[in-house]
Amino acid sequence: MAWTKNVLRVNLETGSCTTEPLNLAWAQDYLGQRGLATKYLVSEIDPKVDPFSPKNKLIFVTGPLTGTMAATGGRYSVVTKGPLTGAIACSNSGGYFGAELKFAGWDMVIFEGASPKPVYLLIQDGKAELVDAAHLWGKTVWETEEMLKRFHQDPQIRVAAIGRAGENRVLYAGIVNDLHRAAGRSGVGAVMGSKNLKAVAVRGTRTDAYTMADPEAFMRATEAGKQVLAANGVTGQGLPTYGTQVLMNVINELGALPTRNHRDIQFEGAQAISGEAMHTKRPTDGKANLVTNGACFGCTIACGRISRMDPSHFSIQDKPQYQGASGGVEYEAAWALGAANGVSDLETLTYANFLCNEDGFDPISFGATVGAAMELYELGLLTKEQVGFELPFGSTEAMVKLAELTARGEGFGKEIGLGSKRLCAKYGRPELSMTVKGQEFPAYDGRGLQGMGLAYATSNRGACHLRGYMVSPEVLGIPVKMEPQATEGKPAMLKAFQDLTAVVDSSGLCLFTTFAWGLSDIQPQIQAACEGDWSEERLLLVGERIWNLEREFNLAAGLTGKDDTLPPRLLKEPAKTGPQKGAVSKLPQMLPEYYRVRGWTPEGVPTAETRTRLGV
Amino acid sequence: MRITLKLFASLATHLPVEARVQHRVELELEPGTTVQEVIRRQGIPEAQCAMVLVDGVWVGPTERSGRVLVEGEALAIWPPVAGG
């Protein structure tokens, strides 16, 4: 079986680390990773718990294909109740940490309680212990990883850590592993900080951590999958060469690039911060921002960006630690740090992104919150005296200062760390927060792409593009082309995307495989790895079950159908320019149909029949 | 008539060198020229034309031979790309 069948339970209050068998009946119903950890979480915590209470739990979890030879099989997730939203939080990361956890023999680590003092968890194969982290508290993610590897004299230890943002409970703090891969969204790092847990350091050397149900079939299935990825233009060429950042010009041309806190829908500076611009040699030093691409464990796509900044850029002139190559901007980060607040300097974006990685905070929510603050400033609701400096849209200096202040938890950075919902409410204009359920939008405007608007409104973890990526049909024509402004068929398509995504997120695979793979490519890999019947029909049922379980948790936590909405700006203010000019979100037309295809009541509650069918 | 041709990502190599940073070039065309004819005239491999937009509106593979360009329009083309 591709599960290790071992769960590590860590009580941070007592300091105990105990082993228990994985609930294999649940694994049959929820597969692994996102689905399985959600089942554990909802079974063990009160949905109404304060996310920062010791009674909240934090789960690191792998999937059955994590740490296997399946292409992209290196993913892990962190599941908890999120402080930004009050909803289920599930953040997914790549890098090498997840596979290492699996090699050490663990499917899952459940943290409960809160430690009375800073600690880190050290896992060396079957041995796990909490270690004093007083000397690490106050350090960045990058410093922490370096210090742990040095102290343990093992460069192959993999580290997932919080930076100062997580310690300071920035509501969108993430957990960063391998220096620049992150379980980035929804504030999972802030929950980790609330538990006084600085890091998880893991070294796994076991060759018997798991077995395959059918090793030969698994080798055949994974090899076939790799050939599909290599032959596909997107996963074989487009993503490795340009990364996700190639979308900047696409979405801008299409008229769906939210700009200046969604006041505009196209950005005049898009080209300057695009994937193509990352390849262009700078006039200052004759070098391109992009150094190379990078891959996570087992990945044959390699979409990651490794960038080096212009050393003469004002933000890093006296800071050699930022003058080397490190994790560059992906599309969402480039949008949030750039278009969302009108900044068109690629080097500034790269610097801010470095800081997000270094101190562990989500560039999407951070950048979008800066955009909201800039609008408040331009409206006169925030002053230079309150902020400490001028804060107009497009200010590179303000972006640099706010990234530094938020990383350190100083000055106005403390307010930026609240996220845009709380910031806008504090200054009297809650409607200017571009969020759903308290979480900031990513890089697609729900007026320009109607299906994405519905995806945002219904996402279980607040506004998110990775829960049902309707950009695929609405922009890219994958698997079929749907007109951006059409509404017909979108609710059913979104449900299919959401359910399939839940399966992929529970398997250990990367969602980006689905630009080339269909379920028929994924199913044989899961079937060969895991004992049991994993037909396509059953997998989609698992995905639907996971989606409904998350929904039930949110309803029990106090959210309702009324939270499945978009800010008034998207519902009432027409897009100003471009091919989507005049458009507003048609969410009210789509939501009732979405509830119907989900088998939910008109109020958005799963019916008794749906609950019975799914066994939730 | 004049139109703007925009070629992105790896297709930029089909633009004049001086136009590759901005990813665009102005073209003088005979009235009645279709999207398909521009693609062929510029030597852009048709298999690489995964996404074709005219003024931001999708033109599918089967529509390209019938889509006549008009003065002032912008034709934008990408190879297979995606993001997230």
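These notebook entries record what I looked up in the predicted model above.

**Conventions.** I number residues from 1 along each chain as its sequence is written, with chains lettered from A and ligands numbered from 1 in the order in which they are written. Because this is a predicted model, local features need pLDDT of at least 70 and side-chain atom pairs count only at pLDDT 80 or more, while totals for chains, interfaces and linings use all residues.

**Chain B against chain A.** I found 22 residues of chain B in contact with 30 residues of chain A (contact: C-beta atoms, placed from the backbone, within 7 Å). On the chain B side, strands E3 (51-54), E4 (57-58) and E5 (74-78) each give two or more residues (strands are DSSP runs of E, at least two residues, and helices runs of H or I, at least four, numbered from the N terminus). I sorted that side by class into 15 nonpolar, six polar and one charged residues (nonpolar: Ala, Val, Leu, Ile, Met, Phe, Trp, Tyr, Cys and Pro; charged: Asp, Glu, Lys and Arg; polar: the others, Gly among them).

**Domains of chain A.** I noted domain 1 (6-203), domain 2 (268-433) and domain 3 (440-614) in chain A, with bounds from an automatic or database domain assignment. The C-alpha centres of domains 2 and 3 of chain A lie 28 Å apart, and 15 residues of domain 2 are in contact with eight residues of domain 3. Helix H11 (331-337) and helix H13 (363-378) of chain A each supply at least two residues of the domain 2 side.

Conventions. Contact = placed C-beta atoms within 7 Å.
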